Amino acid sequence: MSITVSQVSKKFGNFQALDNINLDVKPGTLVALLGPSGSGKSTLLRTVAGLETPDQGKIKINGRDTTNLDIRKRNIGFVFQHYALFKHLTVRRNISFGLDIRKKSPQAIKQRVNELLELIQLQGFGDRYPSQLSGGQRQRVALARALAVQPEVLLLDEPFGALDAKVRQELRDWLRRLHDEVHLTSIFVTHDREEAMAVADKIVVMNQGRIEQIGTPAEVYDNPANPFVMSFVGEVNILDHTSPLFKRTNRANSASRLFVRPHDLEIFETPQKHHVAAKVQRIVHLGWEIQLELALGDRSVVSAHLNREEFSRLELELGQQVYLEPRQVKYFEQDQLNYHASSTSNQQIAV
Amino acid sequence: MLTKPKASVILLSIALIYVSVLIFLPSIFIFYEAFHKGIDVFWNSINQRNFWQATKLTLIVTAITVPINTIFGLCAAWVIGRNQFRGRTLLLSIIDLPFSVSPVVAGLAIVLLYGRNGWLGGLLAGLNIKILFAIPAIVLATAFVTMPFVAREVIPVLEEIGEEQETAARTLGANDWQVFYRVTLPNIRWGLLYGVILTNARALGEFGAVAVVSGSILGKTATLPIFVEQAYKNYQAEAAFGSAAILALIGALTLIFKEILETRTHH
């Protein structure tokens, strides 16, 4: 089922939480709303759910105008960051809550609950109480509870936010597989770019109540619309025209900034033409990835990431002199740096 | 850190002596005085018209006051615990007012308001409705002094559980009543029960405000606590201690009832 958000704005007092949001979610897709806290991503989700009313604009679910529809009649499934399970009810009764309300027959309820317990791989946990489950299990029960009433769309508000790193990763992979099976139109909110990239078909990058860019994970990473998106979806070195890395391009002007991702800095032991000299200042081992801090001639510091093979081939040591060559950079003009740039004026230049 | 045995023994003794002087000794003394001459003497001393009337009146007043203040307390708790608005703390203080105002003052206010020359007294007298020195005034006085208990017990529980479960219930299709009955009520049940028990205990035992508004007419408008006081004043020590023992027993039974309920339904 499709979700259409058109020209939606919302204010809390003087705070513009949503500023003229337009968004089209195609049937069967899994969309991530990605942004820092206060960017409006949760407000947008809650507005679609009917937990907030927009000041302006319209929301349609499957072509039906739901802007002023009671939350009970929207037919949405909602999953909360802190699970919001009913503490006084067993797992089974939690899952059947929506079905009990709809007065389904006991037999139909039992069958549906069994199906869902199997889906969330918690057969045998039906008679436990939420307090007897781990965080990951609780969130799966919350998901089953939302799915029980066969909603038209599934909305998840930071669903993995309260879980520790390992469970988080397992659960997000599981959610992706689940989505591939049931193809329910879903929107989930996250501030974690890796999570958004790993799970979503499309990412909606939000900032200060606006949508900065909509695209596939690859699109927003490789073709960020503006400096905000570029820095939010991945690590980046931002350099001004005085940096040696910028000067070598002959494009240097005081109004531009050069953006280069740490893994796009290639490192050489011997200098070639145009290479920029740097000194290894710090080495951080992260298992499969090695992060370097490199001091340039003007004492500014850039970060470079290499894999283990590259690192051991180069035999780098602290204090060593190396030479840099960016594989790919992006330029953004100064006037875009207020993070509200239009998406048309960026340029991509292979160096 | 290890606790020093000596210090803990001293502290424990002080606490024990304090509790004994305040609670254990008086309770034992009441039951001793009521029963030490035998069960027949106890029974004969309380088996009188005035005692039964006082018991009946106390039960009637309690049966009216407790449900009213339970419903009021739930509403007040919901307004205060689920909404943010200007004057929220002021409202909370107003609900606490019966804790801080002497019951005698409250009784006096009722007398002045509903008396023959009071703002409402004249009007109601014209309609031939009797408030003072009758059940309505006793209910009013009792309701006033027991008003805060339910709200006070439920508000912190409501705040602690938060709104998320209720919101979740609504996304699953529950209407307001279903949200309250299926989600809110089970979550607040212990706080609510405790509030009701406190309300009940206070309603049974209220003396000051009721003494002022009821006229304390034995056999007519005297409640159990007033009967105890009157009997004692009239040198009927056996009747006084006998009925006091009954009051204490009802209080103890309420607490036992609460314990049973808690152990039965707790998981």
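## Val31(A), a buried spot

Val31(A) counts as buried because 22 C-beta neighbours fall inside 10 Å; the cut-offs are 20 or more other C-beta atoms within 10 Å for buried, 12 or fewer for exposed, and partly exposed in between, with C-beta atoms placed from the backbone. The residue lies in strand β3 (residues 30–34) of chain A. Helices (H or I, at least four residues) and strands (E, at least two) are DSSP runs here, numbered from the N terminus.

Leaving out residues up to four places away in sequence, Val31(A) touches Val25(A), Ile187(A), Ala200(A), Asp201(A), Lys202(A) and Val204(A). Touching, or contact, takes C-beta atoms, placed from the backbone, that lie within 7 Å. Then there's Leu155(A): 124 residues apart along the chain from Val31(A), with 9.7 Å separating the two C-alpha atoms.

## What this rests on

This is a predicted model, where local features need pLDDT of at least 70 and side-chain atom pairs count only at pLDDT 80 or more, while totals for chains, interfaces and linings use all residues. Residues are numbered from 1 along each chain as its sequence is written, and chains are lettered from A and ligands numbered from 1 in the order in which they are written.

## The sheet in chain A

Chain A has an open sheet of four strands, ordered β2-β1-β4-β5, with antiparallel pairing. To pair, two strands need at least two DSSP bridges between them. At the edges sit β2 (15–25) and β5 (64–65), each pairing on one side only.

Strand β4 (residues 56–61) of chain A runs antiparallel to β5(A), and two bridges join them. Opposite Ile61(A) you'll find Arg64(A) in β5(A).

## Where B meets A

Chain B brings 16 residues to the contact and chain A brings 18. On the chain B side, α9 (164–171) and α10 (176–205) each supply at least two residues, and α9(B) gives the most, with seven. That side of chain B splits into six nonpolar, eight polar and two charged residues. Nonpolar means Ala, Val, Leu, Ile, Met, Phe, Trp, Tyr, Cys and Pro; charged means Asp, Glu, Lys and Arg; the others, Gly among them, are polar.

## How α9(B) and α10(B) pack

The axes of these two helices, α9(B) and α10(B), come within 10 Å and cross at roughly 160°; axes are lines fitted to C-alpha atoms, for helices over the stretch in contact, with angles from 0 to 180 degrees between N-to-C directions. α9(B) and α10(B) are therefore roughly antiparallel to each other, a label for angles over 145 degrees.

Conventions: Contact = placed C-beta atoms within 7 Å. Parallel < 35°, antiparallel > 145°, perpendicular 65-115°, else oblique.
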